Amino acid sequence: MSVFQTLKDRSNNSCELCSSAKNLKQYTIPPSLNENVANDILACSTCLDQINGDVEMNPNHWRCLNDSMWSEHVAVQIMAWRMLQRLRNEGWPKDLLDMMYLDDEALVLARATGEHEDESAKIIHRDSNGVVLNAGDSVVLIKDLKVKGSSMVAKQGTAVRNIRLDRENDKYIEGKVGAQQIVIITDYVKKT
């Protein structure tokens, strides 16, 4: 059975965040690189557009997290925690965060994208055009890059999907080129 079908079965064909049954898609929570049931959730396009920053956040839409934060599935708990962190200045999300419990391993994964950090403390990764990069974004290489420690050359135009950000250096991102996980300097990529 496919991951998508398993997610549909476990969620009863509804968004695991807001319970909508329309426009459902599989979403791999960053910084996970491999799609599987433990790292993925089923989400509607309304939730995904706001998660990805394609549309402005609607705080009232996310009141649904009051229910979904109690999900038995860790991936859903992590996404609920991250969205509550994004909205914590609204007031009510802070109360939900105070009630929420994540075990140590889940909390490390939840914090991996830096949602919990103040904007001033975050390291901001930018591509060669100055566009902000986020964990899970896709980028394209803008020049051929020799991969240190191997004979491989990552060719210009190669797509790197579902990137991870280096939490200590704003110039480094990680991603898979072919089957190999590599570190890439942000000066040589363009967000897609």
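**Strands, hairpins and a helix in a predicted model**

An open sheet of 3 strands runs in the order S8-S5-S12, with antiparallel pairing. Strand S8 (159–160) and strand S12 (189–191) stand at its edges, each with a single partner strand, so one side of each lacks a neighbour in the sheet. Strand S5 (residues 139–141) pairs with S12 in the antiparallel sense over 3 bridges, and Val140 has Lys190 in S12 as its bridge partner. Here two strands count as paired if DSSP finds at least two bridges between them; helices (H or I, at least four residues) and strands (E, at least two) are DSSP runs, numbered from the N terminus.

The structure is a predicted model, in which local features need pLDDT of at least 70 and side-chain atom pairs count only at pLDDT 80 or more, while totals for chains, interfaces and linings use all residues. Residues are numbered from 1 along each chain as its sequence is written, and side-chain values use heavy atoms, with hydrogens and water left out.

With strand S9 (residues 164–165), S10 pairs in the antiparallel sense over 2 bridges; Arg164 stands opposite Glu174, and 6 residues link S9 to S10 in the hairpin. On the other hand, S10 and strand S11 (residues 180–185) run antiparallel and are joined by 6 bridges, with Ile182 in S11 as the bridge partner of Gly175. This second hairpin has 2 residues between S10 and S11, and Gly178 in the turn has a positive phi of about 65°.

Buried means under 20% relative accessible area, exposed over 50%, and partly exposed in between (1.4 Å probe, protein chains only). Tyr172 is partly exposed, at a relative accessible area of 34%.

Turning to the helix, the buried residues of H1 (residues 3–11) are Val3, Leu7 and Ser11. They lie on the same side of H1, because they cover an arc of only 60° around the axis, the arc being that of the directions from the helix axis to the C-beta atoms. These buried residues pack against strand S1 (24–28) and strand S2 (40–44), where contact means heavy atoms within 4.5 Å. Just after H1, Asn12 takes a positive phi of about 60°.
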